[in-house]
Structures are given as structure tokens and as C-alpha cells.
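The sequence and the structure come first.

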Amino acid sequence: MVKEYILLIIGAVLVNNFVLSRILGICPFLGVSKRLDTAMGMGGAVIFVMILSGFVTALCDKYILVRYNLEYLRTILFILVIAGLVQIVEVLLKRFSETLYTALGIYLPLITTNCAVLGSAIICATEEEFKGRIFKSTVFCFASAVGFALALVLFSSVRERLELSKIPRSFQGPAIALVTAGILAMAFTGFAGLGS
């Protein structure tokens, strides 16, 4: 049982990384990775929201959609749940923790449109390994969010170093960012043997 969860976590963080392997969440990965502090803020916000949304969407799927044969409404319901959770979290943070709300800033509303959050919920609802298993789905969402944050922080660290490097004119800007992301994705394929 414990080994199963350890393999699940390693697989979600390193082997099947949402950004570098499944190609989910590329927009914030490329857009928020220019500075390390913003990447860490976005990573923390994604971890928090993905855990919460993974748990709530697994509950909704098991006790509402599957029970009443409404599986065709998954995508719409999951989008509404994620958007609602982000709004609730934003209101609660603004009311009870102004410093954390200010620190997260624009990242909370950006998570609503992050396809990695929706992707994790849909994977948990459709793959046999997670169907009806709320705790396992939540652990998978946590590990996937940690993998997303790890890739984001690593990529932003490299991009900050690239700002200080001499780069040929044809590779400056988005070109070097995409090449760097490709090299990082290839490096993560080295972990492929760990998930089995």
C-alpha cells in the first residue's frame, strides 16, 4: 500500500510530469518563469488549488456524476468547481490573510485557466487506477502539482541564468526558452525507469 503511493508520487512528480511529459500547463510555464520569485509564487498557488480541486472534483465525480450517470458533464462541472474554489480561496485569503493574498497576487485567478489543474481532475475521473478512489486521486493531484512547481522553479532558475549569458541574436527571447524547455523535458525522461 505504501509502496503503491510512493511509486504514484515519484511517477507524478518526475516520470509523468504535467509540464514536461504530458504537456499540460505550458502557458504559465512559459509566461511566469522569467523570475524565480514569481515562479515560486505560482507553484505554491498551483499546489494549493490542485490539491483542493482534486479532492472536491473526485467527490463530485463519485457521488454525483457516476451515481446519476452524468459523466458527460465532467468537463463543465470540473471547470465550474475549479473556478468556484479559486474564487472562494481568493475571498478567504483576502479576508483572513492579507499578506498571503498580496503575495499570491494575480496567480490565483490565473490558476482558473491552468489546464494542468483541469487535466489532473479529468485524469483522476477517467483512468481506472483512480476511479472512485478519493484519497488516491488527491495524492495524485498533490504529486502532480509538486511536479508542476518543480519544473517551473527549475525552468525559471535556468532562465534567470540565461539572462546573464551571451546568446546569439536568433535564439534570444522565446526561442531560447523553448529550447531550454525541450532540454529540461529530455532530462526528465531519464527518470522513466523509476515509475515501474
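## The largest cavity

In this predicted model, 13 residues line the largest cavity, and those nearest its centre are Ala58, Asp61, Cys124, Ala125 and Ser137. The lining is made up of seven nonpolar, three polar and three charged residues. At least two lining residues come from each of helix 3, helix 7 and helix 8.

The space in the largest cavity is about 60 Å³. The count of cavities of 30 Å³ or more comes to one.

In soluble globular proteins, nonpolar side chains tend to be buried together. Here the largest nonpolar core holds 45 residues, and Leu20, Phe29, Ile111 and Phe140 have the most contacts inside it. Among the elements that give two or more residues to this core are helix 1 (2-15), helix 3 (36-65), helix 4 (74-96), helix 7 (115-126) and helix 9 (174-188). Helix 8 provides the largest share of this core, with nine residues.

Apart from neighbours within four places in sequence, Phe29 has contacts with Val19, Leu20, Ala151, Leu152, Phe155, Ala181 and Leu184.

## Thr38 in helix 3

Thr38 belongs to helix 3. What does the side chain of Thr38 reach at 3.1 Å? It is the backbone oxygen of Val32. A polar atom of the Thr38 side chain also lies 2.9 Å from the backbone oxygen of Arg35.

With neighbours within four places in sequence set aside, Thr38 is in contact with Val32 and Tyr107.

Methods. Residues numbered from 1 in each chain as written. Predicted model: local features only at pLDDT ≥ 70, side-chain atom pairs only at ≥ 80, totals over all residues. Heavy atoms only, no water. Core = buried A, V, L, I, M, F, W, Y, C linked by side-chain atoms within 4.5 Å. Buried < 20%, exposed > 50% of the residue type's maximum accessible area, 1.4 Å probe, protein only. Helix = DSSP H or I, 4+ residues; strand = E, 2+ residues; numbered from the N terminus. Contact = heavy atoms within 4.5 Å. Polar contact = N/O pair within 3.5 Å; in protein donor to acceptor, adjacent residues only side chain to side chain. 1 Å grid on protein atoms, 1.4 Å probe; cavity = no way out; pocket = protein on both sides within 12 Å on 5 of 7 lines; lining within 4 Å. Points joined across faces, edges and corners; volume = space filled by probe spheres on them. Nonpolar A, V, L, I, M, F, W, Y, C, P; charged D, E, K, R; others polar.
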